[in-house]
Amino acid sequence: MSDPTQPLMESAQRGRLVVFVGAGVSKAPPTSLPDWWTLNREVVHAIAGRVQALTGKDYVPELAQAILDRRELANRFPPDFQAQLIEDEAGLGYFEVLRVLDSPHPNATHLRIAQMAKDGAVRVVITTNFDRMIERACERVGVAYQTHYTPAHFDRLADDLAQFNQTDGGLHIIKLHGTVEDVSTLRDTLRQRRMGMHTS
């Protein structure tokens, strides 16, 4: 019986691995960032606490729980719709708040990915995360990297795919939803997700 990991190992040996990471990779300590659902659950509780403080209404926590139940049990009112409602009211200030989704502390998974890039096994990381943990891990282990997070960046990648085969360019980090480094690039609302990624 053939080894199912053999193609993976061969790709690693040729430096052809692409790693896709989402919010779960940044949950482990010492990074300890919330995943998308946890963050949005906490946003509901925070808004409810503020509303209750302002109105003095005892039923506000029950309303907050009803929103969460509707989303998590009935699969309605998803987090990107919630983000859209907040952004409609708060404008770009909503994205400034998302800067909290960062940490100075990469965890073991971030560091292992960076080490694999340094060893030549991983050439590209594709992530939906806003945080800069992969970048910080690369700096910690001493591997060069390039980040791509705007439509212009993606256009340049599409125009020159051969750069992925170059060993001297370092790790390519493709951040599909933007980066806290530039809040204008963050993509979190329903409207943004429906529009997709527009390139020139």
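These notebook entries record what I looked up in a predicted model.

**Entry 1: the sheet.** I began with the strands. I found an open sheet of 4 strands, paired in parallel and ordered β1-β2-β4-β3. β1 (17-21) and β3 are the edge strands; each has a single partner, so one side of each lacks a neighbour in the sheet.

**Entry 2: β3 and β4.** I then looked at the pairing of β3 with β4. The two strands run parallel and are joined by 4 bridges. T147 is placed opposite I173 of β4.

**Entry 3: helix α7.** I next turned to α7 (residues 133-141), which lies across β2, β3 and β4 and runs at about 165 degrees to β4. Which residues of α7 are buried? I listed M133, I134, E135, A137, C138 and V141. Their cover includes α6 (108-118), β2 (122-127), β3 (145-148) and β4 (171-175). After α7 comes G142, and I recorded a positive phi near 80 degrees for this residue.

**Entry 4: α2 against α4.** Last, I examined the packing of α2 (residues 36-55) on α4 (residues 79-90). I noted that the crossing of α2 and α4 is left-handed. On the α2 side, the contact is made by W36, W37, N40, V43, V44 and I47; on the α4 side, by P79, D80, Q82 and I86. Sorted by class, this contact has 7 nonpolar, 2 polar and 1 charged residues.

Note on methods
Residues are numbered from 1 along each chain as its sequence is written. This is a predicted model: local features need pLDDT of at least 70, side-chain atom pairs count only at pLDDT 80 or more; totals for chains, interfaces and linings use all residues. Side-chain values use heavy atoms; hydrogens and water are left out. A crossing is left-handed if the near helix is turned anticlockwise from the far one by less than a right angle, and right-handed if clockwise. Contact means heavy atoms within 4.5 Å. Ala, Val, Leu, Ile, Met, Phe, Trp, Tyr, Cys and Pro count as nonpolar, Asp, Glu, Lys and Arg as charged, and the others, Gly among them, as polar. Buried means under 20% relative accessible area, exposed over 50%, partly exposed in between (1.4 Å probe, protein chains only). Two strands pair if DSSP finds at least two bridges between them. Axes are lines fitted to C-alpha atoms, for helices over the stretch in contact, and angles run from 0 to 180 degrees between N-to-C directions.
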